[in-house]
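Please read this note with the model open beside you. The points run from the overall fold to single residues.

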Amino acid sequence: MDNNTTNAANEAPQNSVTANTQPAPLSNQPRNLLAAFGLLLSFGYFGVHQLYLGNKTQGWVRFGLAVASLPLMLILVGYVIAIVLGIWTLVDFFLLAIGNKIDGEGQPLAATPRDQQYTKTLFIVTLVLGALYVILVIAAISLGIFSSLQERSRSTSPYYSPSRSY
């Protein structure tokens, strides 16, 4: 029994030494600009990029509002929340791409020259695609494409009868 006790005592310091050699916590490592921008483009409406940047309160508020806005769209309140979150995401888009490049702790975001070039390219491509989308929607509305689609769906519906008044 004494041999087992001494063997266990000898093994304990070895285990405690290996237990103390853990990697540094993630909060000490700088956050990456390209990762933050990618999260903004992918999940910006939900505020996931703010959670990544360390702005926990802002991130969770945005996430909660985004999730709450989906069922609230049934009573039209969700659309107001969605518009506010869309504008908030657009502001974050410009701030992260052009201006404020710090995380929630005030530390600058880590970015290699390659990351900065990718971020700039993503910014320009997103602006161009967004502008094209807006132009196409304005053109479709002005040409009446949406109203003709609505009329066509009514006329092909088995429940629609022009003789009935609604």
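1. Basis. This is a predicted model, in which local features need pLDDT of at least 70 and side-chain atom pairs count only at pLDDT 80 or more, while totals for chains, interfaces and linings use all residues. Residues are numbered from 1 along each chain as its sequence is written, and side-chain values use heavy atoms, with hydrogens and water left out.

2. Fold. The chain has 7 helices and 0 strands, where helices (H or I, at least four residues) and strands (E, at least two) are DSSP runs numbered from the N terminus. Along the sequence the pattern reads α-α-α-α-α-α-α. Of the 166 residues, 19% count as buried; buried means under 20% relative accessible area, exposed over 50%, and partly exposed in between (1.4 Å probe, protein chains only).

3. Helix H6. This helix has 31 residues and spans 45 Å from its first C-alpha to its last, close to the 45 Å expected at 1.5 Å a residue. The expected span is 1.5 Å times one less than the number of residues in the helix. Which residues of H6 are buried? They include Asp115, Thr119, Phe123 and Ala140. After H6 comes glycine 144, with a positive phi near 75°.

4. Glutamine 116. This residue is also placed in helix H6. Glutamine 116 is partly exposed, at a relative accessible area of 45%.

5. Surface patch. Ile124, Val125, Val128, Leu129 and Leu132 make a nonpolar surface patch of about 440 Å². Patches are made of residues with over 30% relative accessible area and no salt bridge; like charges are joined within 9 Å, and nonpolar side chains (Val, Leu, Ile, Met, Phe, Trp, Tyr) within 5 Å. Accessible areas come from the Shrake-Rupley method with a 1.4 Å probe, and for residues only the protein chains shown count as cover. Isoleucine 124 sits in helix H6 (residues 113-143) and is partly exposed, with a relative accessible area of 46%.

6. Largest pocket. Its volume is about 260 Å³. On a 1 Å grid over the protein atoms alone, a cavity is a set of points where a 1.4 Å probe fits but cannot get out, whereas a pocket is an open set with protein on both sides within 12 Å along at least five of seven lines; lining residues have an atom within 4 Å of a point. Grid points are joined across faces, edges and corners, and a volume is the space filled by probe spheres set on the points. The largest pocket is lined by 13 residues, of which Leu41, Thr89, Leu90, Phe93 and Thr126 lie nearest its centre. Helix H2 (33-43), helix H5 (77-97) and H6 are the elements that give two or more residues to this lining. The largest share, 5 residues, comes from H5.

7. Salt bridges. The whole structure holds 4 salt bridges, each a side-chain nitrogen of Lys or Arg within 4 Å of a carboxyl oxygen of Asp or Glu. One of them joins the side chains of aspartate 103 and arginine 31 (2.8 Å, N to O). Aspartate 103 lies in the loop between H5 and H6 and arginine 31 in the loop between helix H1 (2-20) and H2, so the pair ties together parts that are 72 residues apart in sequence. Aspartate 103 is buried at 6% relative accessible area, and arginine 31 is buried at 13%.

8. Two further bridges. Arginine 62 and aspartate 92 meet through their side chains in a salt bridge (2.3 Å, N to O). This pair links distant parts of the chain, with arginine 62 in helix H4 (residues 56-72) and aspartate 92 in helix H5, 30 residues apart. Arginine 62 counts as buried at 0% relative accessibility; aspartate 92 is buried at 9%. Another salt bridge joins the side chains of arginine 114 and aspartate 115 (3.5 Å, N to O). Here arginine 114 is exposed, at 52%, whereas aspartate 115 is buried, at 4%. Salt bridges that share partners also join Arg31, Asp103 and Glu105 into one network.

9. Leucine 76. Where does leucine 76 lie? Leucine 76 is in the loop between H4 and H5. Its phi is near 70°, a positive value in a residue other than glycine. Leucine 76 counts as exposed, at 58% relative accessibility.
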